[in-house]
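The structure comes first, and the pairs follow.

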Amino acid sequence: MITGKNYLGHQLSAKGSKTYQTFNPQLNIENDSTFTEATSEEIDEAVALASEAFKPFRTTSGKQKAKFLNTIADEILALDDELIQTYCSETGLPEGRAKGERGRTVGQLRSFAELITEGSWVEATIDTAQPDRQPISKSDIRKLLIPLGPVVVFGASNFPLAYSTAGGDTAAALAAGCPVIVKSHPMHAGTGELVASAIIKAAKKTNMPNGVFSNINSSGIHVGGELVKHSGVKAVGFTGSIKGGRALYDLAAQREEPIPVFAEMGSINPVVILPEALKNRNESLAKTYAGSITLGTGQFCTNPGLLLGVKSEGLSNFVQNLSNEIIKIEPSCMLHPNIIGAYEHNKQKAISQPRLTVTADYESDVQTNYARQAITTVEGKTFIENPTLHQEVFGPYSIVVQCENKTQLKTIISNLEGQLTGTLIADNDEASNHPEIVSALQNRVGRIIYNGVPTGVEVCPSMVHGGPYPSSTDSRFTAVGIHSIKRWVRPFSYQDWPNELLPNELKNENPLGISRLVNNKQTSDNI
Ligand code: NAP
């Protein structure tokens, strides 16, 4: 049942006077539940509980934490229809998407559970002592990764389950041994509270400390800012706009003790289409890209917002085919009136730029909160000269840039802001014949795709979801997959520490049987 209250550790609390409701964009009405924004006192309490919980949680075994994560997954599934219906009523997204995202969320929790049950992820590294080394003896030094402390997670508007309350950031932080305080996203506060209730139930069932998880309501930037500035908070995870991510990053950097902010922000995901591919597969490429641009009403951080090619008859035909195909697609609902408002505003801003041609803009009537998809095209020179055209238009919109030649194409790619993905569409030996294009693209992105679409982020260990700024604030880390756990830990060394006082991961007898780097050899043997 949705109460509209905050979870401060295991307790529900609603001391504030500011309230708000979520919105059903399909029905264009407010949903029934009323949520109470957390007060400063409640924020303090959540952080104090998280700091206390960190003491036992930081050394809780991988197996116990895995039980917690698996129980969260079970409890999320047990929410069943109530969760799915709430998700749909707060997003306008269809039931199939809700179920798919729930599956992804549960899968992420279970994959972190598997990782920490096995245990080798702590990168245990041991260099045994050399008392006889000349000219001076060498100490016994042992290193592993340890958790940072309480983490604040800002949920994403476009992924109410997989990148929100119990999403990737939370699962990774809990797996690492960090208590989590979620700043619930106001657009899906009910979905967030239901998932929070599943986490609290799981925490109680598996005897996790009170404060290992809190869920804080707010609609407005004040509460999030207070959380990031709180001295008890040691790291931040964020998914959303560049403006929001950058503001929080700056706040964290200005603290007396600066803390890391891992923000996954905007991206226009350039797609480079080479001439042979255009010649051989023009129509099928147009169809595929019309689908990718409109998938989820374009509300994906990997949406292909920029298509690049060299001026030719093939590229002109592609623009025409893409425009014809995209207009055939039925418009769909966006997440919230604010999101559609931002889409319409940003689309109009892009469309009104000089020397830009609109080749498709869905004209028939659409329901309230449904987005009209659009395609525009410009010459390479115009694109280079106008930074407004480089900005993300979050929604079903894409611009095709017709470059003068390959040199201009390379110049445009090289000067793009950092991106989550880059895609190369090529036939036969085109990719190997264009090393300079591939190299320029690789330099600007976190993931490069060959003959595919950027939408659809597989959750697996080899996935990189992150990239040079501003697609993320730290391109050394991924926000998706088990390696995202590394955002919430720091390396720590023991020098000449007694074997019996070392954590199990570093003991001579290797009681966990994990893989370790011992004197430069990877092994699971005892010492
Ligand atoms: P957002 O505006 O960046 O907000 C995300 C979260 O951060 C919200 O909980 C918000 O709190 C909080 N926040 C934002 N700015 C803050 C600040 N200065 N101080 C403290 N907290 C702050 O993103 P959104 O709500 O998900 O969507 C809005 C727009 O972001 C979209 O229209 C789209 O342009 C973009 N977006 C991009 C991606 C992407 O992956 N590229 C994904 C999602 C959204 P409040 O809501 O309570 O203010």
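## A pair in helix H7

Arg246 and Asp250 form a side-chain salt bridge, with an N to O distance of 3.0 Å. The model in which this pair is found is predicted. Both residues belong to helix H7 (residues 242-254), where a spacing of 4 residues puts them about one turn of the helix apart.

Arg246 has a relative accessible area of 34% and is partly exposed. Asp250 is also partly exposed, at 28% relative accessibility.

## A pair linking helix H11 to a loop

Glu385 is in a salt bridge with Arg355, and their closest N and O atoms are 3.9 Å apart. Glu385 is part of helix H11 (residues 380-385), while Arg355 is in the loop between helix H10 (337-351) and strand S16 (357-361), so the contact ties together parts that are 30 residues apart in sequence.

The relative accessible area of Glu385 is 45%, which makes it partly exposed. For Arg355 the value is 57%, and the residue is exposed.

## A pair in helix H1

Lys55 and Glu52 have side chains that meet in a salt bridge at 2.6 Å, N to O. Because they are 3 residues apart in helix H1 (residues 40-57), about one helical turn separates them.

Lys55 is exposed, with 52% relative accessibility. Glu52 is partly exposed at 46%.

Conventions
Residues are numbered from 1 along each chain as its sequence is written. This is a predicted model: local features need pLDDT of at least 70, side-chain atom pairs count only at pLDDT 80 or more; totals for chains, interfaces and linings use all residues. Side-chain values use heavy atoms; hydrogens and water are left out. A salt bridge is a side-chain nitrogen of Lys or Arg within 4 Å of a carboxyl oxygen of Asp or Glu. Helices (H or I, at least four residues) and strands (E, at least two) are DSSP runs, numbered from the N terminus. Buried means under 20% relative accessible area, exposed over 50%, partly exposed in between (1.4 Å probe, protein chains only).
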